[in-house]
Amino acid sequence: MQIPSIIRTYFLPLAFLLSIVLIAFNLPLLHYGYMQLRGQMNILMNSVDVDEVRVLLNDDQQKKLEIIEEALLFCENELGLETKGNYTTYFQQERKTLMYLVTASAPFSLEPYYWKFPWVGAFPYKGFFSNFFAQLEAQKLKDKGYDVRIGKASAWSTLGITSDPIL
């Protein structure tokens with residue numbers, strides 16, 4: 001089937017130009033999405049089965065692992081929750097900060113600044129797997145007059161998209 005000449009002549013170039021404009025205006029969002037995907041994939045691809053690392057853990061870590069396993073059994077057997085394979089793998093973060101969270105508000109205000117993302121909504125924080133990029137984001141907001149804080153995430157999850165590892 002051949003594409004009609006009017007579509008080839010007008011529609012395709014216009015669609016191409018519109019795509020370039022949309023990409024250009026959303027480049028920061030695309031870059032942020034790429035950084036998030038890269039950080040998420042690093043954790044998921046470098047997680048190993050708990051049984052593989054069990055022998056390498058010290059006594060304190062072994063006890064913590066037992067508590068996690070007991071909590072999972074309690075959730076399944078007593079509460080009827082599905083654990084969906086969560087916490088059956090282990091990610092060694094080597095005591096490094098996993099994620100930095102940037103939060104902000106107007107001076108003397110308790111109302112948070114919200115970052116808006118297409119299709120997923122608005123959030124009162126923005127997460128970064130890199131302190132460098134968290135600092136850049138914080139500086140942009142400081143330059144706009146906001147009070148800014150960079151904190152460290154105490155937890156991490158893919159929100160049910162994949163099974164989460166033990167950190």
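# Contacts, cores and rings

Visitor: What does Ala104 touch, leaving out residues up to four places away in sequence?
Guide: Ala104 touches Glu111, Pro112, Tyr113, Trp115, Leu141, Tyr146, Asp147 and Val148. A contact here means heavy atoms within 4.5 Å.

Visitor: And the ground rules?
Guide: This is a predicted model, in which local features need pLDDT of at least 70 and side-chain atom pairs count only at pLDDT 80 or more, while totals for chains, interfaces and linings use all residues. Residues are numbered from 1 along each chain as its sequence is written, and side-chain values use heavy atoms, with hydrogens and water left out.

Visitor: Which residues are in the largest nonpolar core?
Guide: The largest nonpolar core holds 11 residues: Tyr32, Met35, Tyr100, Val102, Ala104, Trp115, Phe117, Phe128, Ala134, Ala138 and Leu141. Two or more residues each come from α2 (27–45), β3 (100–105), β4 (115–117) and α5 (131–143). A second, separate core has six residues, including Val50, Val53, Tyr90 and Ile166.

Visitor: How do Tyr32 and Phe117 pair: stacked or edge-to-face?
Guide: Tyr32 and Phe117 are stacked, at 5.7 Å centre to centre with 25° between the planes. Tyr32 is in helix α2 and Phe117 in strand β4, 85 residues apart, so the pair links distant parts of the chain. Both Tyr32 and Phe117 are buried.

Visitor: What about Tyr113 and Tyr146?
Guide: Tyr113 and Tyr146 form an edge-to-face pair, 5.0 Å centre to centre with 75° between the planes. Tyr113 sits in the loop between β3 and β4, and Tyr146 in the loop between α5 and β7 (147–152), 33 residues apart. Tyr146 counts as partly exposed because its relative accessibility is 27%.

Visitor: Which residues form one aromatic cluster?
Guide: Tyr32, Phe117, Phe123, Tyr125 and Phe128 form one aromatic cluster.

Visitor: Back to the loop between β3 and β4. Where is Pro107?
Guide: Pro107 is in that loop, between β3 and β4. Pro107 is partly exposed, because its relative accessibility is 38%. Beyond four places in sequence, Pro107 touches Gly145 and Asp147.

Visitor: Which residues form a nonpolar patch on the surface?
Guide: Leu37, Met41 and Met45 do, with about 320 Å² of accessible area together. Patch residues have over 30% relative accessible area and no salt bridge; like charges are joined within 9 Å, nonpolar side chains (Val, Leu, Ile, Met, Phe, Trp, Tyr) within 5 Å. A salt bridge is a side-chain nitrogen of Lys or Arg within 4 Å of a carboxyl oxygen of Asp or Glu. Areas come from the Shrake-Rupley method with a 1.4 Å probe; for residues, only the protein chains shown count as cover.

Notes:
A nonpolar core is a set of buried Ala, Val, Leu, Ile, Met, Phe, Trp, Tyr and Cys residues joined through side-chain atoms within 4.5 Å. Buried means under 20% relative accessible area, exposed over 50%, partly exposed in between (1.4 Å probe, protein chains only). Helices (H or I, at least four residues) and strands (E, at least two) are DSSP runs, numbered from the N terminus. Rings of Phe, Tyr and Trp (its six-membered ring) pair if their centres lie within 6.5 Å; planes under 30 degrees apart count as stacked, over 60 as edge-to-face and the rest as tilted.
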